Amino acid sequence: MFSPPMRGVIIKDPNLQSSNQDQVEESILFAEPTEYVSELSWINSLDTYKEMYQRSIEDPEGFWAEQAEEFLYWKEPWSKVLEWDFEDPHFSWFVGGKTNVSYNCIDRHLHDGRRNKAAFIWESDERHSKVYTYQSLYTRVCRLSNVLKSYGIGKGDVVAIFLPMVPEIVFAMLACARIGAIHTIIFSGFSAEALRDRLQQSHAKVLITADSGLRGGRINPLKNMADAALLECPEIQKVIVVSRLQQRINMEPGRDVYYHEEVARKDIKRHCDIEWVDAEHPLFILYTSGSTGRPKGVVHTTGGYLLGTSITFKYIFDTHEDDVYFCTADAGWITGHSYLVYGPLSLGVTSVLFEGVPTYPDAGRFWDIIERHGVNQFYTAPTAIRSLMRHGSELPLSYDLSSLRVLGSVGEPINPAAWKWFYRVVGKERCSIADTWWQTETGMHMITTLPGIMTMKSSAAGLPFFGVQPIVITSEQKEAEIGEDGHLCMKYPWPSIARGFWDEVDNTRFKETYFSPFPGYYFTGDAAMKDEDGYYWLKGRVDDMLNVSGHRLGTAEIEAALNSSPDVAESAVVSFPHDIKGEGIYAYIVLKDGIVASDDLPARLSGLIRLKIGPIARPDVIHVVDELPKTRSGKLMRRILRKIASGTTDIKELGDLSTLVDEDVVEMIIKSRPKVSSSGD
Ligand code: PRX
C-alpha cells in the first residue's frame, strides 16, 4: 500500500550539484506528499483518484449527476444532465433543475448545525478582525435582498458591485443570488473609465459601492470615481454606498443611499424568500480582458458553476469541518468569486476575508494572519510569494505556521525558486502545494496536484481534475507527443464552463475566441506540455494577453489607452520577464510628427493608463521609437518586439526578418532600448 513519508522527500533536484545559486534555485524539484497531509485526504490514494477520474470521463453525465446530488441542494430535479455543442457553442447542465446559490451557501448550513459557526473572519486593513457567523450572514443577506427588492430589482436584473474587500461585498453577491439578480463585480482597482465601460456594457440598474477603500493605509476614493463614471451611465437608478471610512462624500439626492441606513429601514424584513431559479440562470457576469479593447463579459450560471467550485474546493484544498481557509485574492477577480466566496460557503467552511495588502504594516502580514486565525489552507499567487521572498525567511520563520496543511498557488506558472521557498519556509516540507491551473472562463480549477496523494513537481500544474479532459494540440492541428509543446485545449465540457459573453447577441466573439482556433475543442489560449506521468506544464499565453502579477490584461486595451494620448501616433505593448510580477509591461511608442519625447512623457502616459484602466496596467518600460517593425502586409511583428523587450541585443537571434518592410527599424530599436530593471524596484 502507498505510504507517504512524514517529511517531503526530494526525489529529483538535478542541478543541486551546480555551483551557480540561481541555477540551483530555479532547478525543478519533485517532492512526495507527506503522511501529515495524506492521513486526512478525502481522496485517499492515487489509485482512488485514477478510478474516480476514469469514471468521470467514461460516464461524465453519471459522474456529475452523482456529484450534483451530493454537493448541492436541489429544489426540483433536472430532466437531463447535459446538452452541449462545441461547434455552435452552447452548454446546459442539469437542464430543468431548480436551485439557488444563496440557499446552498447559507440557509442549508443553518439546519446542518452550522448556525453559529464562523462563515468568515474579516481581517481589516488596520488589523482588526470581526467574525460573521452563518446566522448573521443569513440576516444581513436577507436584509440587503429586501432592499434590492424594494427598488424593484428581481430575477435577471443586473447589479454592479464596486467595493473593496469589506464584508458587504460578500453580502451583496449572495443577496443578488438570493433573488435571482445577476451581479457583476468591477475590481476596485479599476479606474472610473473602466467602471463606466463595464456599467454600460452590463446594463446594470443598481451600483453598490463605498465612500472609499482602504489598502495598506492608502485611501482609494471609490465614490468619487463612481460619480465620474455615472455621468455617462443613465441606466443606474440607485447607488448604495457603504460607509467604510465615514467620509463626507457627495450623495446625489434620490439616487444615492447609505447601505447601513437602507438595511436598517423599518420596512426591511430579516427574512427574504428564496427565488428558486433554473440551473442555467445566470449567476454573475465577470469582465475580463480580450484580444480587442472591449472587455468580455464572461457569464457563469447557477447549478454547474456552484457544483464546479464546491467539488474542487473540497478535494483540492482538502478542507474539513473545523478548518480555517485563507485566500488572498480580491473578490473582484474570478479567484475571489470561486474560492473566496462560493466554493468555501457552499461547503460551510470558515474563511478569512482580508482587506489589506501583504506588506502592510510589514511583510509579515500573511504570516501574522495565519498564526492568529490558525489557518489550515492558504491560497495565494506566485507574485505575492516572490515579493515576500525578497524580505527573507526570518519573518515567516518567526511566526507559528504549524496549522498549515495545504498551500495553493494560482495565476501563472510558479517558478521553482518561489515554489521551493513556499514549500520549505512556509510549508516546512510537510504541507502539500496545489498549483491550480484554471481561468475566468473555466470557473473552477481544471488541472492541479491533489494534496496528500500526488507527487509534486515544482512548476508543473499537475493532473486533470475529475471530468476535465485536456489535450495538447500542435499548430498542425495534431495531438502533441509527450514532452512536446502545443496549445492547451479541452475535449469535453465541465459544469462551470462559461456560457458566453453578456449582451453579445449571436455570441460570435465567444465562438471565435475559444472554439474556432481548434475546431471541436475549447481552446484555453495557453501553451502547455504533457509529460510522461500525464502532468501538464503550463508555458504561458499564446495570444496577445499579458499576465501581470497573475492578472490577465489585453495588449489591445493598453494600446488603445496609449493611443488616446494626443502625443502618440502608434504603440505596441508586449511583456518581458519580471522577477516579481512574472511579466512586466513594455510599451513601444511612436510619437506624432512634431512631438518630442519630453522628460515627463513616461509619467504622463502612465497617468493616462491609470485613468483609462487602473494602476495595474501601468507600463514598467516606455520606449519611444521612430517606427514599429511591420511586415509588407502591415502586420506588427510582436515576436521581435517581445525578444527585444526581453533583452535580446543580437539581431541574428531575432529569427527570420525577411518579411519586414525595413530591417533597419529593428536595429534602431535595439540601439535605443532603455536599461530595464526586472526586479520590481
Ligand atoms: O495563462 C493562464 C494563467 O492565467 C490565465 C487565466 O487568467 P484569468 O482568467 O485572469 O484567471 C486567473 C485565475 C484563475 C490562464 O489562461 N494561469 C492561471 N493559473 C495558472 C496559470 N498559468 C499557469 N499555472 C497556473 N496555476
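Trainee: How many disulfides does a search of the whole structure find?
Mentor: This is a predicted model: local features need pLDDT of at least 70, side-chain atom pairs count only at pLDDT 80 or more, and totals for chains, interfaces and linings use all residues. Residues are numbered from 1 along each chain as its sequence is written, and side-chain values use heavy atoms, with hydrogens and water left out. A disulfide is a pair of cysteine sulfur atoms within 2.5 Å. The whole-structure search gives a count of zero.

Trainee: Which cysteine sulfur is nearest to that of Cys327?
Mentor: Cys327 is in no disulfide. Its nearest cysteine sulfur is 15 Å away and belongs to Cys105.

Trainee: Is Cys327 buried or exposed?
Mentor: Buried means under 20% relative accessible area, exposed over 50%, partly exposed in between (1.4 Å probe, protein chains only). Cys327 has a relative accessible area of 1%, so Cys327 is buried.

Trainee: What kind of aromatic pair do Phe284 and Tyr305 form?
Mentor: The structure holds 57 aromatic pairs. Rings of Phe, Tyr and Trp (its six-membered ring) pair if their centres lie within 6.5 Å; planes under 30 degrees apart count as stacked, over 60 as edge-to-face and the rest as tilted. Phe284 and Tyr305 have ring centres 5.0 Å apart and planes at 85 degrees, so their pair is edge-to-face.

Trainee: Which elements hold Phe284 and Tyr305?
Mentor: Helices (H or I, at least four residues) and strands (E, at least two) are DSSP runs, numbered from the N terminus. The pair links distant parts of the chain, 21 residues apart. Phe284 is in strand S16 (residues 282-288), and Tyr305 is in helix H11 (residues 303-316).

Trainee: What is the angle between the planes of Phe326 and Phe378?
Mentor: These two rings form a tilted pair, 5.4 Å centre to centre. Phe326 lies in strand S18 and Phe378 in strand S20, 52 residues apart. The angle between their planes is 40 degrees.

Trainee: Which ring has the charged end of Lys314 over it?
Mentor: A charge sits over a ring if NZ of Lys or CZ of Arg is within 6 Å of the ring centre and within 35 degrees of the ring normal. The charged end of Lys314 is 4.0 Å from the centre of the ring in question, that of Trp42.

Trainee: Over the face of which residue does Arg198 lie?
Mentor: Arg198 is at 4.5 Å from the ring centre. The residue is Phe190.
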